[in-house]
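Here's a quick tour of a protein fold, written for someone new to reading structures. Keep the 3D view open and follow along.

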Amino acid sequence: MVRIKKEHMIQKHRILFLSGVITGETESHNLFMALDTLSHDPIKLVITSPGGDLDSTFLFYDTMKTIKAPVITVGRYCASAAALLLAAGSGRYLFPHAKVMLHRPWGRQEGDSRDLEIQNQEMKKYQNYFIAALIECGVKKPHGEILKDIDRNLWLEPEEAIAYGLADEILTPEIWQSWLKEGK
C-alpha cells in the first residue's frame, strides 16, 4: 500500500482537505494563510463536510476572501455551512455524484425568555449574513427567494447546484490530473 503524506499534498500540490464538521479546531484556514506566504499560486480545497459552527465557517470564509492566492473549491459532500465554503471558491467544482444542501442556520438555545429573544435575534442576523454571502458568491436569486428555498433542507445534485450558482462545473478526471501534473 502506498502512503501519501499529507505534507506532499499540501506543499507540492497545494491541496487541502476539509473533512468533517467545521469547528474552531478546523485547521485548513490557518494552512491557507501559511501557503499564501509561500506563493500566490492557486490552493485547492476538497470539501467533504456536513457543515458546522457558523462562527468558524465565517472565519474560514473571511480567510479565503482575504488571502491573495485564489482558492479553488472541490465539493464531494457540502451540506449547510460547507455549501457556503464551496460557493466561496474562485473556481468551484463538484464531483459527479456530489451532494449539496442548504438550509436555514439552526442551533440550540437555552436560558430565560429574554436570553432566548436575544439568541433568536442573533440567529436572524446569521441567516441574513449567510444569504448575503451566498449572493456575493454568485447565487443569482434575491434574498427573499433564497430564504424561501432554505426554509427546509434544499438538496441539490451537481447540475442543480451549478444552476443555483453554488458551483461552476463538474470535476473531470482530466482536470484533477492536470492539477497534479502542474504541481500547483
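(Exposed means over 50% relative accessible area, buried means under 20%, and partly exposed is in between, with a 1.4 Å probe and protein chains only.) Helix H8 itself covers residues 173–182, and its buried residues are Ile175, Trp176 and Trp179. These cover an arc of only 100° around the axis, which puts them on the same side of H8. The arc is taken from the directions that run from the helix axis to the C-beta atoms.

What do the buried residues of H8 pack against? They pack against strands S1 (15–19), S2 (43–49), S3 (71–79), S4 (91–102) and S6 (169–170), where contact means heavy atoms within 4.5 Å.

## Where the numbers come from

This is a predicted model, so local features need pLDDT of at least 70 and side-chain atom pairs count only at pLDDT 80 or more, while totals for chains, interfaces and linings use all residues. Residues are numbered from 1 along each chain as its sequence is written, and side-chain values use heavy atoms, with hydrogens and water left out.

## The whole chain

The protein chain has eight helices and six strands. (Both are DSSP runs numbered from the N terminus: helices are H or I with at least four residues, strands are E with at least two.) Going along the sequence, the pattern is α-β-α-β-α-β-α-β-α-α-β-α-β-α. The radius of gyration is 17 Å, close to the 16 Å that the globule rule gives for 184 residues, so the chain is as compact as a globular protein of that length. (That radius is taken over C-alpha atoms, and the rule is 2.2 Å times the number of residues to the power 0.38.)

Of the 184 residues, 44% count as buried. Among contacts with a separation of 6 or more, 68% come from residues 24 or more positions apart.

## Strand S3 and its neighbours

Seven of the nine residues of S3 are buried, so this strand is largely enclosed by the rest of the structure. S2 and S3 run parallel and are joined by seven bridges; two strands pair if DSSP finds at least two bridges between them. Isoleucine 47 has glycine 75 in S3 as its bridge partner. To get from S2 to S3, the chain goes through helix H3 (residues 54–66), in a right-handed β-α-β crossover. (Right-handed means that, with the strands pointing away from the viewer, the path from the first strand over the helix to the second runs clockwise.)

S3 also pairs with S4, again in the parallel sense, over seven bridges. Here valine 74 has tyrosine 93 in S4 as its bridge partner.

## Two loop residues to look at

Serine 80 sits in the loop between S3 and H4. Its phi is positive, about 55°, although it is not a glycine. Is serine 80 buried or exposed? At 13% relative accessibility, serine 80 counts as buried.

Arginine 14, in the loop between helix H1 (6–11) and S1, has a positive phi near 55° and is likewise a residue other than glycine. At 5% relative accessibility, arginine 14 counts as buried.
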